[in-house]
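I opened the model this morning and went through it item by item. The entries below follow the order in which I looked things up.

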Amino acid sequence: MSDLIVLGFDHVDDATKVLTECRALQKEYLLDLEDAVVVTRDAQGKVHLHQSVNLEKAGASWGLLSGGFWGALVGLLCLNPLAGFLIGSAVGAGAGALSGKFSDYGIDDGFIKQLSDTIPPNTSALFILVRKSQPEKVLADLSQFKGHARILQTSLSPEAEEKLKAALGQVAAAQAKA
């Protein structure tokens with residue numbers, strides 16, 4: 001089962017920096033991300049979602065290939081494979097892009113938009129869906145962002161959430177308030 005972690009940042013580019021670090025950890029096989037979304041809110045209050053998986057582009061690419069193949073095959077039967085390939089590619093790319101636009105993968109976009117409305121202007125948030133990880137090594141690496149991130153929401157166990165708070169420097173702040 002995957003775990004959802006949402007981190008808030010005081011600067012617009014901090015979420016992107018942490019996502020870059022998470023991708024580096026993924027290359028080292030210490031972290032397996034299912035999905036990641038960086039949300040930024042500009043000075044005017046407009047929310048921008050930066051999806052890690054562009055389903056529209058992926059759908060268009062797959063539609064272009066499959067449409068081109070089937071179009072060429074039908075065109076071959078009609079003695080004009082080039083026209084069939086071109087028409088099939090165009091129709092396939094359009095249909096793939098349309099299906100990608102209306103599909104959702106990973107973290108629910110409605111949830112992202114709902115939580116993004118709560119972040120202040122000129123800040124950012126990082127939504128990550130983690131399949132599995134090496135918690136000790138990941139937390140040690142993410143401790144370089146101590147004091148820059150705050151936890152907005154998680155589906156972690158209470159013990160794992162406390163460890164994440166400690167790595168991000170929130171435990172000391174929470175104890176100081178108490």
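Predicted model: local features only at pLDDT ≥ 70, side-chain atom pairs only at ≥ 80, totals over all residues.

Residues are numbered from 1 along each chain as its sequence is written, and side-chain values use heavy atoms, with hydrogens and water left out.

**Entry 1. Overall layout**

I took helices (H or I, at least four residues) and strands (E, at least two) as DSSP runs, numbered from the N terminus. The chain has seven helices and five strands. Read from the N terminus, the order of elements is β-α-β-β-α-α-α-β-α-β-α-α.

Of the 178 residues in the chain, 34% are buried. I looked up the accessible surface by the Shrake-Rupley method with a 1.4 Å probe, where for residues only the protein chains shown count as cover. The chain comes to about 10600 Å², and carbon and sulfur atoms account for 61% of that.

For contacts I used heavy atoms within 4.5 Å. Among contacts between residues at least 6 apart in sequence, 71% join residues at least 24 apart.

**Entry 2**

I counted two strands as paired if DSSP finds at least two bridges between them. Strand β2 (residues 31-41) and strand β3 (residues 47-51) are paired antiparallel, over five bridges. Val37 is placed opposite Gln51 of β3. The two strands, β2 and β3, form a hairpin with five residues between them, and Gly45 in the turn has a positive phi of about 90°.

**Entry 3. Salt bridges**

My rule was a side-chain nitrogen of Lys or Arg within 4 Å of a carboxyl oxygen of Asp or Glu. The count by this rule is seven salt bridges.

I started with Arg150 and Asp10, whose closest N and O atoms are 3.1 Å apart. This pair links distant parts of the chain, 140 residues apart: Arg150 is in strand β5 (residues 149-154), and Asp10 is in the loop between β1 (3-9) and α1 (14-27). Asp10 counts as partly exposed, at 46% relative accessibility.

I then checked Asp117 and Arg41, a salt bridge with its closest N and O atoms 3.7 Å apart. Here the partners are 76 residues apart, with Asp117 in the loop between α4 (109-116) and β4 (123-133) and Arg41 in strand β2. Which of the two is buried or exposed? Asp117 is exposed at 54% relative accessibility, whereas Arg41 is buried at 11%.

Lys165 and Glu161 also form a salt bridge, at 3.9 Å from N to O. Both are in helix α6 (residues 158-168), four residues apart, so about one helical turn separates them. Salt bridges with shared partners join Asp32, Glu34 and Arg131 into one network.

**Entry 4. Aromatic pairs**

I paired rings of Phe, Tyr and Trp (its six-membered ring) if their centres lie within 6.5 Å; planes under 30 degrees apart count as stacked, over 60 as edge-to-face and the rest as tilted. The structure has two aromatic pairs. The ring centres of Phe69 and Trp70 are 5.1 Å apart and the planes are at 75°, so this pair is edge-to-face. Trp70 is exposed, with a relative accessible area of 53%.

Phe111 and Phe127 have ring centres 6.1 Å apart and planes at 90°, so they too are edge-to-face. Phe111 is in helix α4 and Phe127 in strand β4, so the pair ties together parts 16 residues apart in sequence. I found Phe127 buried, at a relative accessible area of 1%.

**Entry 5. Phe145**

I located Phe145 in the loop between α5 (135-142) and β5. Phe145 is buried at 14% relative accessibility. Which residues does Phe145 contact, leaving aside its neighbours within four places in sequence? They are Lys17, Val18 and Glu21. Phe145 and Val18 are 127 residues apart in sequence, and their C-alpha atoms are 7.8 Å apart in space.

How values were computed. Buried < 20%, exposed > 50% of the residue type's maximum accessible area, 1.4 Å probe, protein only.
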